[in-house]
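Biologist: I am new to this structure and would like to learn how to read it. Could you walk me through it, one feature at a time?

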Amino acid sequence: MVLLGTLWDASAERLNMTFTEFVSRLYPILGEGSSTYTFAKSMLSSITTEAAAEILDKHTNDTYKSYFNGKRTVSKLAKELAPYIEPENFISYIDELPSDALRDSLCKNFSDVLSDATPFNIGEELSVVFASILRKEASKTRKAPQRKSSEEPHEEADDGRTAVLDESDNKITVIHHQTNVVQNGTNNVNLTNNGTMTFNL
């Protein structure tokens, strides 16, 4: 069973910690001279079940390097890994480190967010943080890109006008050719247009 420990003491700081920041704090202590992409992948492997191996293996070294450097968000991958996240696996990984000195170094590197961590509970503390980061990333929704006017639903008219529906389904009339309006009386305006005119009617 994972103990929450000091999770809620600094929840705001911890929930704002990114995957990049998390693995960057681990790397100097646990990296053992490995490449950043190898380390990023190995950390994700250490908190997931064996069933996640196929998902992890289909991504390239450059992708993992981008995750480590923060040039790419881990959100999409976290969604794929979500069903296989197992904090107990990460606890075992930390607990099986060869010395208490390594666990003590981890406590120091995370002292600002895990103030009560000790070499005896650092595995539990880090597993909660790591799982929270991945689950938060997995829950993010991607915003749909706004469509350009050329991609909006529209109807072409014979007189050179295009009727376009905006995001609220309001009709916008776009006139593509030159338009001349001759003044007739006191209430009309003489309007000359050599480009494209857009009316929101």
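Modeller: Gladly. Of the 201 residues of the protein, 37% count as buried, where buried means under 20% relative accessible area, exposed over 50% and partly exposed in between, with a 1.4 Å probe and protein chains only. This is a predicted model, in which local features need pLDDT of at least 70 and side-chain atom pairs count only at pLDDT 80 or more, while totals for chains, interfaces and linings use all residues. Residues are numbered from 1 along each chain as its sequence is written, and side-chain values use heavy atoms, with hydrogens and water left out.

Biologist: How many helices and strands does the secondary structure come to?

Modeller: The protein has 9 helices and 6 strands. Helices (H or I, at least four residues) and strands (E, at least two) are DSSP runs, numbered from the N terminus.

Biologist: How do I describe two packed helices?

Modeller: Two packed helices are described by the angle between their axes and the distance between the axes. Axes are lines fitted to C-alpha atoms, for helices over the stretch in contact, and angles run from 0 to 180 degrees between N-to-C directions. Here, helix 2 (residues 19–30) packs with helix 9 (residues 122–139) at an angle of about 150°, their axes being 10 Å apart. That makes helix 2 roughly antiparallel to helix 9; angles under 35 degrees count as roughly parallel, over 145 as roughly antiparallel, 65 to 115 as roughly perpendicular and the rest as oblique.

Biologist: Which residues make the contact of helix 2 with helix 9?

Modeller: Helix 2 brings Phe19, Phe22 and Leu26, and helix 9 brings Leu126, Val129, Phe130, Ile133 and Leu134; contact means heavy atoms within 4.5 Å. By class, this contact of helix 2 with helix 9 has 8 nonpolar, no polar and no charged residues. For the classes, Ala, Val, Leu, Ile, Met, Phe, Trp, Tyr, Cys and Pro count as nonpolar, Asp, Glu, Lys and Arg as charged, and the others, Gly among them, as polar.

Biologist: At what angle do the axes of helix 2 and helix 5 cross?

Modeller: Those axes cross at roughly 90° and come within 7 Å, so helix 2 and helix 5 are roughly perpendicular to each other. Phe19, Thr20, Val23, Ser24 and Tyr27 in helix 2 meet Tyr67, Phe68 and Asn69 in helix 5. The residues of this contact of helix 2 with helix 5 divide into 5 nonpolar, 3 polar and no charged.

Biologist: Is threonine 63 buried or exposed?

Modeller: Threonine 63 counts as buried, at 9% relative accessibility. Threonine 63 lies in helix 5 (residues 61–69), and its side chain makes a polar contact of 2.9 Å with the side chain of threonine 60. A polar contact is a pair of N or O atoms within 3.5 Å; within protein, one must be able to donate a hydrogen and the other to accept it, and residues adjacent in sequence count only if both atoms are side-chain atoms.

Biologist: Where is lysine 65?

Modeller: Lysine 65 is also in helix 5, and at 40% relative accessibility lysine 65 counts as partly exposed. Leaving aside neighbours within four places in sequence, lysine 65 is in contact with Thr36 and Tyr37.

Biologist: And what is the place of glutamate 32?

Modeller: Glutamate 32 sits in the loop between helix 2 and helix 3 (36–46). Glutamate 32 is exposed, with a relative accessible area of 76%.
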